[in-house]
Amino acid sequence: WRVMTNAVAGKEMAAAALGLPTNLTPTQLVQTWRNKSKRMQLTPVQEVTKGPILENVLSTPDIDLGNFPTPRWHESDGGRYLGTGDIVITQDPDSGQINLGTYRMMVLGRDEIGLYISPGHHGRLHRDKYFAQGKPMPVAAVFGMDPLLLVAGGENLPSSTNEYEWVGAIKNEPVEIFRGSVTGLPIPAHAEI
């Protein structure tokens, strides 16, 4: 497997992901981004029924997380991690607000992943609400998606901002999503895993 990391680590890659010219100086890049972000209008998602992510679907008992590229990033890590190069999709049980976050996900077994969300993050606030109600929290995790979705998941956007709509505003087109058959959560149609 090939694993791409740091998709927006360089100035040119970040500019391209944000839809900005790639030949700007760092100062120009920041100024151009500030100007663009002031004019952006959130763009609602477009719900679809098919997409590349649905080309290969596995269900229990065929799930084997060992088939996915799950590196041991550091020699002292407790295991192999699929995240934080992910977006984890959660939903507030009270308001219905969707959140995309980038959280740590360690493979624990053939079909089991541990999910760690630091206190204070929107996904953690959602989790705490579900747990207070004595309910499990529906979660969807996505890997190999548009780098801009990864940026959105790592941004500290207000909890009232839908990250899909923020990405749509940057791209000037709606993000295509489909509703997960297990969770009902909106999953980007153009992702790998």
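I started at Lys-11, which is partly exposed at a relative accessible area of 26%. I use buried for under 20% relative accessible area, exposed for over 50%, and partly exposed for in between, with a 1.4 Å probe and protein chains only. Lys-11 meets Glu-12 in a salt bridge, N to O 3.3 Å. Glu-12 is partly exposed as well, at 43%. A salt bridge here is a side-chain nitrogen of Lys or Arg within 4 Å of a carboxyl oxygen of Asp or Glu. By that rule I get 7 salt bridges.

This is a predicted model, so I note that local features need pLDDT of at least 70, side-chain atom pairs count only at pLDDT 80 or more, and totals for chains, interfaces and linings use all residues. Residues are numbered from 1 along each chain as its sequence is written, and side-chain values use heavy atoms, without hydrogens and water.

Next I looked at Asp-128. It forms a salt bridge with Arg-127 at 2.9 Å, N to O. It forms another with Arg-124, the closest N and O atoms being 3.6 Å apart. Asp-128 and Arg-124 sit 4 residues apart in helix α3 (residues 122–132), about one helical turn. Arg-124 counts as buried at 17% relative accessibility. Arg-127 is partly exposed at 26%. Salt bridges that share partners also join Asp-92, Asp-94 and Lys-129 into one network.

Then helix α2. Helices (H or I, at least four residues) and strands (E, at least two) are DSSP runs, numbered from the N terminus. Which residues of α2 are buried? I found Leu-29, Trp-33 and Lys-36. The buried residues pack against α1 (11–17) and α5 (163–171), with contact meaning heavy atoms within 4.5 Å. On the other side of α2, Thr-27, Arg-34, Lys-38 and Arg-39 are exposed.

Last, the strands. Two strands pair if DSSP finds at least two bridges between them. Strand β3 (residues 86–91) runs antiparallel to β4, joined by 4 bridges. Ile-89 has Leu-100 of β4 as its bridge partner. The two strands form a hairpin with 6 residues between them, and Gly-96 in the turn has a positive phi of about 80 degrees. I also traced an open sheet of 3 strands in the order β2-β5-β6, with antiparallel pairing. Its edge strands are β2 (81–83) and β6 (112–116).
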